There are 2 protein chains.
Amino acid sequence: MPAFVPPQRLLLGPGPSNVAPRVLQALAQPSIGHLDPQFVAMMDETKTLLRRAFLTDNALTVPVSAPGSAGMETCFVNLIEPGDTVIVCQNGVFGGRMKENVLRVGATPVMVQDDFGKPVDLDKAQAALKANPGAKALAFVHAETSTGARSDAQALCALAHEYGALSIVDAVTSLAGIELRVDAWGCDAIYSGSQKCLSAPAGLSPISFGERAVAALKARKSPVQSWFLDLSLVMAYWQGEGARAYHHTAPINMLFALHEALTAVHEEGLENAWARHQTNHQRLRDGLQEMGLDLLVAEAARLPQLNAVRIPDGVEDLPVRKRLLDEFNIEIGAGLGALAGKIWRIGLMGTNSRPEAVDAVLAALKTALGR
Amino acid sequence: MPAFVPPQRLLLGPGPSNVAPRVLQALAQPSIGHLDPQFVAMMDETKTLLRRAFLTDNALTVPVSAPGSAGMETCFVNLIEPGDTVIVCQNGVFGGRMKENVLRVGATPVMVQDDFGKPVDLDKAQAALKANPGAKALAFVHAETSTGARSDAQALCALAHEYGALSIVDAVTSLAGIELRVDAWGCDAIYSGSQKCLSAPAGLSPISFGERAVAALKARKSPVQSWFLDLSLVMAYWQGEGARAYHHTAPINMLFALHEALTAVHEEGLENAWARHQTNHQRLRDGLQEMGLDLLVAEAARLPQLNAVRIPDGVEDLPVRKRLLDEFNIEIGAGLGALAGKIWRIGLMGTNSRPEAVDAVLAALKTALGR
């Protein structure tokens with residue numbers, strides 16, 4: 001079987017985004033042991049860098065050794081116990097996945113439904129909290145990757161606390177792309193992914209748990225149902241003084257890459273990165289408007305890093321995406337769920353949020369649509 | 001924060017082993033989308049290569065997007081249901097982890113205990129199966145990474161079937177290092193790791209499920225408790241005809257690397273790889289004997305890829321390992337659990353099973369021990 005040589009794509013879908021060359025270089029360094037003192041020192045630096053990216057002092061801030069979906073599951077299996085009630089806000093595909101997670105822990109999800117493309121309605125969330133006293137958590141998606149809508153994470157966390165519930169925040173697409181302040185906003189448990197605005201390779205899920213979440217962990221009545229994702233075990237490896245207790249073999253090279261990607265974010269500065277995402281989003285929006293293409297999400301809730309573009313009447317979804325991929329080596333995303341065939345998703349994430357990328361996808365779309 | 005530049009280590013512990021340069025190169029190729037047709041074609045090739053490495057025709061043969069511990073959990077959460085009884089053979093640390101997995105599924109483990117360093121006793125396993133009619137599975141570790149003992153996987157699978165139980169096989173350290181024949185031996189569910197004898201980076205867990213295991217999956221009465229590891233969902237991504245259903249974002253670059261590592265195994269030939277591991281083990285054994293060092297495991301059950309060396313009386317564990325690491329850049333492993341401080345574990349896995357590596361660790365040990 002011949003070696004696999006991937007084509008050189010510009011990845012402007014909902015993620016993965018392209019990985020910066022310096023990060024690919026870090027990824028390909030020779031492996032060392034997961035208990036090597038030098039590796040342990042690098043783990044400590046990675047935790048520090050992750051805390052800066054999340055804007056938190058949370059001690060429990062680590063990358064889970066698996067993709068964002070496992071980060072989501074880490075939050076639910078560690079915090080939620082059988083019999084708990086969880087308010088789950090759904091305004092896209094990923095809220096539905098949260099519901100699945102709640103069910104599989106043996107807890108009861110109470111759904112707060114909003115249309116795909118709208119942010120979570122604060123009044124509805126409040127009504128659900130009011131109607132379900134004692135709910136263990138309020139879970140929501142900060143940046144809905146399936147629709148491009150931003151919800152008000154700060155207000156939702158405040159609501160959760162007002163009713164004595166923990167906030168569980170999906171920040172897979174938001175981390176390092178838009179404003180996100182874990183400590184200032186009171187996000188109790190939050191998870192993200194490596195392959196979106198961090199521009200690291202796909203496969204890791206940074207998480208952070210605050211004091212209230214850690215207290216909930218410690219107060220559990222039942223063991224965590226997952227051995228692999230049990231944070232009490234994971235932390236013996238990531239947090240011990242000096243020698244670390246072996247839990248599982250860390251994904252060494254992936255962590256080399258994450259360390260380098262986080263260093264790049266830190267060098268640019270978080271607020272500069274947020275501003276850059278906004279600037280390039282505006283360039284895309286202007287270009288789309290010139291072509292007569294509309295965005296799905298109202299301006300106030302639009303994510304700069306994930307742009308849901310309405311497919312014009314009479315235009316078929318797949319042939320356009322296929323032409324972009326085959327002819328221009330540009331990947332854009334399809335709609336998911338109810339939005340399949342109705343939108344394209346153009347991601348401008350991490351290193352891909354730059355003017356050349358915007359211009360490239362606009363030019364390709366212009367050709368493909370004959371506009 | 002400066003870039004992290006790892007030291008160049010010779011990794012002769014229990015894993016990770018060094019990753020071949022060609023595999024590191026594959027790892028660092030630019031990412032493409034996880035739904036890109038070219039990526040999907042590479043996934044198909046990877047499944048074919050994995051089947052060859054496992055010597056199976058099982059359709060359900062894929063890498064789980066997380067380390068070997070998650071591969072173990074995948075087998076237990078998919079096959080075992082609350083109330084089931086599972087016979088778990090423990091002759092090292094990893095049998096204990098299997099027990100933990102059984103408990104967390106809400107099932108009952110029946111333990112078959114053997115001393116650390118001994119293979120699983122077939123008579124005891126049979127007695128346990130006899131005493132627990134209707135047991136759902138017999139679970140055991142083919143190559144105990146914590147002790148260096150090989151158990152008779154073929155005989156244990158046959159026993160399981162004789163009593164109507166599924167066989168669940170830990171092949172984390174055995175795959176591509178010693179004889180392992182999934183179809184011929186009737187391994188119903190098996191998992192491995194990328195970072196041992198495959199010499200791919202740490203972070204993936206190849207698994208394979210046979211017909212009987214798939215039938216058990218289909219006959220489940222309760223949903224799989226993990227969303228991330230639910231094989232009915234995972235397979236919609238790995239198996240669909242043409243377009244694949246999105247489940248989670250695959251670890252793209254890690255899969256580039258696994259594809260290349262499996263290609264290397266295929267080029268060498270499985271039986272040649274097994275023979276090479278045996279030859280280099282003998283070279284190590286001879287050198288150790290010359291120094292007056294003994295192996296823990298009796299010859300008949302010795303793993304060639306994981307050598308448990310008794311620490312001589314009067315020699316302290318840590319200073320020797322530290323000197324090997326600091327002075328010679330060679331990592332060897334400590335003992336785990338009951339064997340901590342009593343053995344060193346010298347791994348000769350994958351690309352590290354070669355004469356130069358054997359000679360290097362022997363020379364370093366000679367110096368460190370003053371022999």
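Two residues are in contact if their C-beta atoms, placed from the backbone, lie within 7 Å. The model is predicted: local features need pLDDT of at least 70, side-chain atom pairs count only at pLDDT 80 or more, and totals for chains, interfaces and linings use all residues. Residues are numbered from 1 along each chain as its sequence is written, while chains are lettered from A and ligands numbered from 1 in the order in which they are written.

**Helix packing in chain A**

- Helices (H or I, at least four residues) and strands (E, at least two) are DSSP runs, numbered from the N terminus.
- In chain A, the axes of helix H11 (residues 270–290) and helix H13 (residues 355–369) come within 9 Å and cross at roughly 20°; axes are lines fitted to C-alpha atoms, for helices over the stretch in contact, with angles running from 0 to 180 degrees between N-to-C directions.
- H11(A) is therefore roughly parallel to H13(A) (angles under 35 degrees count as such).
- On the H11(A) side, A:Asn280, A:Arg283, A:Leu284 and A:Gly287 meet A:Pro355, A:Val358 and A:Leu362 of H13(A).

**Sheet in chain B**

- Seven strands of chain B form an open sheet of mixed pairing, in the order E2-E10-E9-E8-E5-E3-E4; two strands pair if DSSP finds at least two bridges between them.
- Its edge strands are E2 (60–64) and E4 (108–113) of chain B, each pairing on one side only.
- Strands E9 (residues 189–191) and E10 (residues 205–209) of chain B run antiparallel and are joined by three bridges.
- B:Ala189 stands opposite B:Phe209 in E10(B).

**Relation of the copies**

- The copies meet through the same surface, because 100% of the interface residues of chain B are also interface residues in chain A.

Note on methods:
Parallel < 35°, antiparallel > 145°, perpendicular 65-115°, else oblique.
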